[in-house]
Amino acid sequence: MTVTVRDAPDRSRYEAVVDGDVAGFADYRVSDDRVVFLHVEVAPERQGNGIATTLVREAMDDVIGRGKTITPRCPFAVAFVQRFPEYQQYTG
């Protein structure tokens, strides 16, 4: 299974695409140089396959690559940053 993550700024979210379908998304809000991750959701039938982890990792990597700070607000994004401490230096 290949997960492709894309930014959908018109919907203020990153999307995880699997087999041509949106399998999950991470809603965000931009505030100055900060991207606040508000909610992460994966379709029930796609859960348990690492899609949420891939989605959040690639979304945060994109934000960091743009020189912005990440602010995790939803429980999954907070847990992700706790589990992968290399992201903590980019939070605010």
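Predicted model: local features only at pLDDT ≥ 70, side-chain atom pairs only at ≥ 80, totals over all residues.
Does F37 count as buried or exposed, and at what relative accessibility? At 1% relative accessibility, F37 counts as buried, where buried means under 20% relative accessible area, exposed over 50%, and partly exposed in between (1.4 Å probe, protein chains only).

Residues are numbered from 1 along each chain as its sequence is written, and side-chain values use heavy atoms, with hydrogens and water left out.

The protein contains 2 helices and 5 strands; helices (H or I, at least four residues) and strands (E, at least two) are DSSP runs numbered from the N terminus. Along the sequence these elements follow the order β-β-β-β-α-β-α. The C-alpha atoms fill a box of roughly 35 × 30 × 20 Å along the principal axes. The radius of gyration is 12 Å, which agrees with the value near 12 Å for a compact globule of 92 residues; this radius is taken over C-alpha atoms, and the globule rule is 2.2 Å times the number of residues to the power 0.38.

Of the 92 residues, 41% count as buried. Contact means heavy atoms within 4.5 Å, and among contacts between residues at least 6 apart in sequence, 37% join residues at least 24 apart.

The structure holds 4 aromatic pairs. Rings of Phe, Tyr and Trp (its six-membered ring) pair if their centres lie within 6.5 Å; planes under 30 degrees apart count as stacked, over 60 as edge-to-face and the rest as tilted. One of the pairs joins Y14 and F37, which are stacked at 6.4 Å centre to centre with 25° between the planes. This pair links distant parts of the chain, since Y14 sits in strand 2 (residues 13–18) and F37 in strand 4 (residues 34–42), 23 residues apart. Y14 is also buried, with a relative accessible area of 4%. Together with Y28, Y14 and F37 form one aromatic cluster.

D7 lies in strand 1 (residues 3–8) and is partly exposed, with a relative accessible area of 24%. The C-alpha atoms of D7 and A59 are separated by 7.6 Å, although the two residues are 52 residues apart along the chain.
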